[in-house]
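Me: I am new to this structure. Please show it, and then let us read its features one by one.

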Number of protein chains: 2
Amino acid sequence: MTRPVHRVAPATDTPVRQESLRAHNLSLTFRQIVGAPAPISRIELAVATGLTRPTITRIVDELLAGGLIVEAGPARSGNSGRPRVGLSLAPTGPAGLGLDIRVDALSACVVDLTGTVRHLAFAPRPPAAADTLARLADMGRAAMAAAAAEKLTVVGTTLAAPGPVENAGVVRFAPVLGWRDVDAAAALRHALGEVMVDNDAGLAALGELYASAPALRNFVCVSGEFDIGAGIVLEGALLRGARGWSGSLGHVAVTADGPVCACGATGCLQHYAGLQQILAPAAPAAAPAPAVAIDILASSGDRDTLAALDRAGTALGVALSALINIIDVDTVLLGGSYSLLASWLTEGVERELNRRVLTASWAPVSVRPAPLGPDAAVIGAALSAIDRVRQDPNSWLARA
Amino acid sequence: MTRPVHRVAPATDTPVRQESLRAHNLSLTFRQIVGAPAPISRIELAVATGLTRPTITRIVDELLAGGLIVEAGPARSGNSGRPRVGLSLAPTGPAGLGLDIRVDALSACVVDLTGTVRHLAFAPRPPAAADTLARLADMGRAAMAAAAAEKLTVVGTTLAAPGPVENAGVVRFAPVLGWRDVDAAAALRHALGEVMVDNDAGLAALGELYASAPALRNFVCVSGEFDIGAGIVLEGALLRGARGWSGSLGHVAVTADGPVCACGATGCLQHYAGLQQILAPAAPAAAPAPAVAIDILASSGDRDTLAALDRAGTALGVALSALINIIDVDTVLLGGSYSLLASWLTEGVERELNRRVLTASWAPVSVRPAPLGPDAAVIGAALSAIDRVRQDPNSWLARA
DNA sequence: AGAGTTACGTCAATGTCTGTAACAAATTCG
DNA sequence: CGAATTTGTTACAGACATTGACGTAACTCT
């Protein structure tokens, strides 16, 4: 009856010393500043973190010296007494660089510590992989220069790619681009330094996460570009799966014995809700920006397009019901191109969710367009790059 | 000599003081002992944790005094020198209590620190909810008494329930039992103290996780009892979702326009792969242990049953493909009753996974029966209760 | 203008952990 | 039997964060 036991997810595998204690409290305090909706004073920090005022003073000094935060003017707190000095994130200093490969364009984005987009550029996408990567390197260098001009230092770069990515570097499979096993991280390393590569749908979800005003914590963001991908955020963290290949929603079966898909399976969501498939009946010659074309056709009352949108919404709802039954989230964001088409899709999605999600009667799932829309992935990529500093400012302080 | 660089501990929301430092290092050391395949000496602990020998000595003293570990006899390490003293988990001290409500029976289980099952009992399930809970309370008390007789103290209790659970206490919906919104934690609190309630499929996955010999880290365990549930383990942690309602695989659509299910939707997996549905064509009068009945019928070559099993395997494969496309895991365990039927199901499941999982060609998904089978949920429940002590021994030490 | 109030900084005292180094124990080998 | 070797313990010093008390700054109200 003896059963051996083996290790499970540990808290941390490293020993801690006094030094790490200090680093931890510093990072804790910094995260409070990051998360505060408005400039926050030292006293408020002391209350929020549970640390004492002298400790906060010391930590704040360190953050100020490192250029990570700035003091705002004094702000009234109560009626009398010395006003509090607001502390907020510095608009200069570290920044994150994001790159995105979309069907219709390449884009680059720089965000600062506060999450503000400081630079956003687009360029056409060359057909060949090598040209695409070279162009991205150029855009990255240009973005870094633009950042430097505003006293920003790029501390990390993330590339969003439309397909499953392995080891944060190799794009396994990207049908739109015709890529297979492209080591994008290696190709960009020379020009841009270390580059993390991640799935675009996941990064779009991260973008929406960081940008969400009443912070979302559990949601899925469906990005409908060429491929349909889902970025799943649980407890404020992106779900990457065992090998980072989560979120291939496009190849979830809606009808097991449906029509054959390019992937070899049958009845995939892609077939019902892919942009090309929605557009096809009305305009066989694909337009450069299919989502816009679909929106125009639908607005003009085109029956084929409206019918296709209805099918797409229903199919999306079926696949999302599977997703939510499998992993419970309370919000669906229609992202990427779908954000432009949300008004045509939401109804069908909601209908299926209400029918099919087992727990819908206790806690209805909210469906809405993603605020950042098609730019969410670049912005998310840049934010994920800067977020390493936001979560652990010590790396930046150690550098200086 | 250069001092090793130590990364900050994790993103916790609490401040750390010297005291927590001590607690962290103690818990780190203890987890090493837990994870070691054989008794481990102080020196080995020092190497494994990165702490110094004096520190290890102090921590080990504390663990010995607290009764969490015991010294084994000296063991040869090299040829000469003082032999190492092996340290291993104490077979007495804290224990976890698990309870499970199954269709066919109630069960209770006690595991000790080492993960060994020390007590396992079954009882018939009364039809009414109140009776069921009263019986469970009795079984829990009996198990606690049995544990005490072996010098074990139950430090936590977990109840596995067949349905979505809210706030670790309220069973929202359990069709087999006819339960809706039953506050099981409250009902058992008086007899057993604080009880955590969780979904049975998730706990079964945890059971398989803790018991897996070459440790699994990313897998899904499908439990087919009355309801089909999936427990998803990612990086050694159970995925619970926003409200703990993850894993309702039974109501994932296999064919969107399929037959109507009891839940109100159409084409649910439950309809194709539920035990009752597999059994129905051959033996309309449900046997007490459907899985056994199915196995016997199939072994005897019953055509209807074989056909039903084929349909079930295929449907399971479709739903699991959706799951794996959505969240990437590399292993599927056929658990619960399915473990008994694995030989009839595996082929169909594998076929569909290979067709439908987008990344199957790079990394095939392994499908196999779950070693613990139908008892995984109780054992997992008990293990999850004791695991709190294993992950953080300080709670136990503080008590004494 | 002065009292009252709140915010923030500084200093010494305290406690606790780690690391180094010397020391004690237990066993093998010549 | 004693030297060598490895394991485990004790003693001391160094480092660092927290606490608490006191002092200073800034602003409002009377």
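Me: Which residues does Phe219(A) touch, not counting those up to four places away in sequence?

Reply: Contact means heavy atoms within 4.5 Å. With sequence neighbours up to four places away set aside, Phe219(A) touches Ala205(A), Glu208(A), Leu209(A), Gly231(A), Ile232(A), Val233(A), Val329(A), Thr331(A) and Leu333(A).

Me: What should I know about the model and its numbering?

Reply: This is a predicted model, where local features need pLDDT of at least 70, side-chain atom pairs count only at pLDDT 80 or more, and totals for chains, interfaces and linings use all residues; side-chain values use heavy atoms, leaving out hydrogens and water. Residues are numbered from 1 along each chain as its sequence is written, while chains are lettered from A and ligands numbered from 1 in the order in which they are written.

Me: Where is Phe219(A) found, and is it buried or exposed?

Reply: Helices (H or I, at least four residues) and strands (E, at least two) are DSSP runs, numbered from the N terminus. Phe219(A) is in strand β11 (residues 219-224) of chain A. Buried means under 20% relative accessible area, exposed over 50%, and partly exposed in between, using a 1.4 Å probe and protein chains only. Phe219(A) is buried because its relative accessible area is 0%.

Me: How is chain A divided into domains?

Reply: Domain bounds come from an automatic or database domain assignment. For chain A it gives domain 1 (18-89), domain 2 (93-205 + 377-399) and domain 3 (214-370). The C-alpha centres of domain 1 and domain 3 of chain A are 42 Å apart.

Me: Now a loop. What surrounds Ser339(A)?

Reply: Ser339(A) sits in the loop between β14 (331-336) and α11 of chain A. At 16% relative accessibility, it counts as buried. Leaving out residues up to four places away in sequence, Ser339(A) touches Leu334(A), Pro369(A), Ala370(A), Gly373(A) and Pro374(A).

Me: Is Arg102(B) buried or exposed?

Reply: Arg102(B) is buried, because its relative accessible area is 12%. It is in the loop between β3 (93-101) and β4 (106-112) of chain B. Beyond its neighbours within four places in sequence, Arg102(B) contacts Phe122(B), Arg125(B), Pro374(B) and Asp375(B).

Me: How do α9 and α10 of chain B pack?

Reply: Axes are lines fitted to C-alpha atoms, for helices over the stretch in contact; angles run from 0 to 180 degrees between N-to-C directions. Helix α9 (residues 290-299) and helix α10 (residues 303-326) of chain B pack at about 115°, with axes 8 Å apart. The contact joins Ile294(B), Leu297(B) and Ala298(B) of α9(B) to Thr305(B), Leu306(B) and Leu309(B) of α10(B). Ala, Val, Leu, Ile, Met, Phe, Trp, Tyr, Cys and Pro count as nonpolar, Asp, Glu, Lys and Arg as charged, and the others, Gly among them, as polar. This contact of α9(B) with α10(B) has five nonpolar, one polar and no charged residues.

Me: What about α2 and α3 of chain B?

Reply: The axes of helix α2 (residues 42-49) and helix α3 (residues 53-65) of chain B come within 9 Å and cross at roughly 115°. Arg42(B), Ile43(B), Leu45(B), Ala46(B) and Thr49(B) of α2(B) meet Arg53(B), Ile56(B), Val60(B) and Leu64(B) of α3(B). By class, the contact of α2(B) with α3(B) has six nonpolar, one polar and two charged residues.

Me: Last, how many aromatic pairs are there over all chains?

Reply: A pair of aromatic rings is described by the distance of the centres and the angle of the planes. Rings of Phe, Tyr and Trp (its six-membered ring) pair if their centres lie within 6.5 Å; planes under 30 degrees apart are stacked, over 60 edge-to-face, and the rest tilted. A search of the whole structure finds four pairs over all chains. For Trp362(A) and Phe173(B), the centres are 5.7 Å apart and the planes at 55°, so the pair is tilted. The pair crosses between chains, from the loop between α11 (342-356) and β15 (366-369) of chain A, which holds Trp362(A), to strand β8 (residues 170-174) of chain B, which holds Phe173(B). Trp362(A) is partly exposed, at 24% relative accessible area. Ring pairs also link Phe173(A), Trp245(A) and Trp362(B) into a cluster.
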